[in-house]
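Subject: Structure for your review

Hello,

The structure is below, with notes on what was found in it. Please read them side by side.

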Amino acid sequence: MVQYNFKKITVVPTGKDFIDIILSRTQRQTPTVVHKGYAISRLRQFYMRKVKYTQQNFHEKLSAIIDEFPRLDDIHPFYGDLLHVLYNKDHYKLALGQINTARNLIGKISKDYVKLLKYGDSLYRCKSLKVAALGRMCTVIKRVSPSLAYLEQIRQHMARLPSIDPNTRTILICGYPNVGKSSFINKITRADVDVQPYAFTTKSLFVGHTDYKYLRYQVIDTPGILDRPFEDRNIIEMCSITALAHLRAAVLFFLDISGSCGYNIAQQAALFHSIKSLFMNKPLIVVCNKTDLQPLDGLSEEDMKLVVEMKAEAMKTVIGQGGEATDSDEVLLTMSTLTEEGVIAVKNSACERLLNQRVELKMKSKKINDCLNRFHVAVPKKRDEKERPPCIPQAVLEAKAKEAADIEKRKLERDLENENGGAGVYSASLRKHHILADEEWKEDIMPEILDGHNVYDFIDPDILQRLEELEREEGLRLEQEVDNDDFEMDGKELTPEEQEALAEIRKKKSLLIQQHRIKKSTAESRPTVPRKFDKERKFSSERMGRQLSALGLDPTSAINRARSNSVPMRGRKRERSLAKGDDGNDAMDMDVDQSSKKLRMMSRSRSRSTSRPPGEVVPGEGYRDSKQKVHAMKLAKKSVKKRNKDARRGEADRVIPTLRPKHLFSGKRGIGKTTRR
Amino acid sequence: MRLEKCWFCSSTIYPGHGIQFVRNDAKIFRFCRSKCHKNFKMKRNPRKVKWTKAYRRLHGKDMTQDSTFEFERKRNRPERYDRNITENTLKAIKKIEKVRVDREARHHALRMKGKKAKEQREAAKELEQGIHMVKAPAALQEEPSLTLPKIKVKVSHQQAEKNHLMEE
């Protein structure tokens, strides 16, 4: 049971599309690459897989189609008949049967060919078997494609059928074409059915929903029925007939008493009588519509008679239900959809009658017993006739009375607050009800912190006592202290001189340490140079003199000795002064024993080479005499004078012969990047 | 409102200062400032960190046991308010504090007692041992007092005879 919602059926593809879908899926979802060099079992497996896969897909899809289309025998006879009326049951069944056969055939094909593939001995043979199998399956589908197309059409139409629930409360509207059925349904429900002056405007069933006494009623609008023999009826009329036949509903037979539909009352009455068999066991109401054109009282005699006949028939249905013989107002109603008078009355009476009928039926059926159980109210049976009212003790009653009085008398905090200015102004004293030794203490503010201590930690009832003890102790201690204090030794103080000396010592020590630390840290990278390359002049005799004198020694002799032993750096005229010093000082006897190197250093030529008068000709230069040399020097000076004056670049100024030597600007690096050169 | 103690350095945490850390076992660590907090996060032991009270107490730098500490005890049950007791308590706190401070000072003095003598002895020894760095032994023999020799002016050998500027 699909809940009578045929919208959920999957789309049925056409034959061609079907084949395309399945084959492309096989192409995509199975492995595609195979070579003839593979093992034969692998080849076989490959092609068998393809065949089986295709068969499975076909099977799935065809089964889906077969299952989703409703089986006419399984659904409600109303729908079965309706579908039969619309689509022809046989044709429908045939189509589905064909699909089923196709499915079985495809299964057989697949089985056969898989069996054959088991014995395929080459790639080519297996492949051709697979091609044959797939081809045959596709042919099967091609043959079945008209059925597929037909089913697709049916599916589309079925999806658009109105969703009528055959079991719920239904009101059916029937009558000749153009009598006002669709207008009526438009009035009472939200349905929007076409209303046109021509006949057969409504070509199929339409459903609307309306409410009555908190229940939902379906209202079904049918196409008009003509008075014809049963066999001659067309599909549209058959729809209405089906609806009438199978739905257990209240029937409203519409009568156009004005005749503006094109049919007079006689014809309509004839129709009524011909289909009255369909009204068995259904609450029937004859509704006279279009009373604005022709009121019921203004009818002619024969018409009136016909109407009364119909009414009698309708009454029979009422009586047939076991209802009371009521007046004719229940079965014959007049209304006008144009002026909307009587419309609601019709609806109400129809709903009422239907409801009563359904309730009666339910009461008679067995199902009601389940419901009846739920309605049972259990009441204990009375044992005897004694009165047993509820018993409340007297004390409780008194207390209750007192409390009631109390509540009125007692003043609430809230009232107090309101008196004193409201919520923002008045702040209640939370300590009002505190129980303290003395009532005056209630509003006391106690400090919580004092001097970095929490007061609460110190609170003690006998704190005074303990404090006394403490102070006593302290007093004792102090006395002891005073006694002990006499033995404070002053010790030996250092004199100012000694302090100075000590400070000096410490300074020297720290200096030494600093120097040592520097030396240590630079030891690895510092070269050890001999003294003659002493740039900072650390090892000068002056310095030595200063240091020695700082220590309190006489440095003169040391300095002299040092100087006499030293080598002059820039050719100082030491020999002369030294010679002088030699005369006066015996300590300098060592001069005689100086090394030959030093003697050479002090020789005449050496001493002279370091300073000469300007024009003196040195042998080896190539001048004839000093005059020539002087002239040459003058010429040289003159030649550069102008250039110098103009501040031009000269021979000695720096010149870079090649600005970009190749060895610097080309070549790859052994390691690293060459982003800069 | 309560003044708490910093877990690391044991100083008081006033309201609005510091950070509290609650561990998964619900133990609360309060810190007076981020220095203590960061040291804690580094997992340093306050007993090994020189400037904390824990270290000082452990190594005997500060007073450990004293009767003045008995007065300050955390009470868990609130006491009923009594004005007299509170008054007395407030007065007592001040006195107790004074006593405590005095005792601390005494403790400190006791600790530092032998320091001066020791320093003097050390200074004398250093002087004796290091005097050769500032005054040559030869000069010392000539003149036994500890006055330092002055630095001489520059010597040029012509005036060598004149420049015996040794001061006595």
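**Chain B**

Chain B holds five helices and four strands (DSSP runs numbered from the N terminus: helices are H or I of at least four residues, strands E of at least two). Along the sequence the order is β-β-β-β-α-α-α-α-α.

This is a predicted model, in which local features need pLDDT of at least 70 and side-chain atom pairs count only at pLDDT 80 or more, while totals for chains, interfaces and linings use all residues. Residues are numbered from 1 along each chain as its sequence is written, chains are lettered from A and ligands numbered from 1 in the order written, and side-chain values use heavy atoms, without hydrogens and water.

Of the 168 residues in chain B, 30% are buried (under 20% relative accessible area, 1.4 Å probe, protein chains only).

**A helix pair in chain A**

Helix α6 (residues 181-188) and helix α10 (residues 343-364) of chain A have axes that come within 11 Å and cross at roughly 85° (axes are lines fitted to C-alpha atoms over the stretch in contact, with angles from 0 to 180 degrees between N-to-C directions). α6(A) and α10(A) are therefore roughly perpendicular (65 to 115 degrees).

Phe184(A), Lys187(A) and Ile188(A) of α6(A) meet Val343(A), Val346(A) and Lys347(A) of α10(A) (heavy atoms within 4.5 Å).

Regards

Definitions and conventions. Parallel < 35°, antiparallel > 145°, perpendicular 65-115°, else oblique. Buried < 20%, exposed > 50% of the residue type's maximum accessible area, 1.4 Å probe, protein only.
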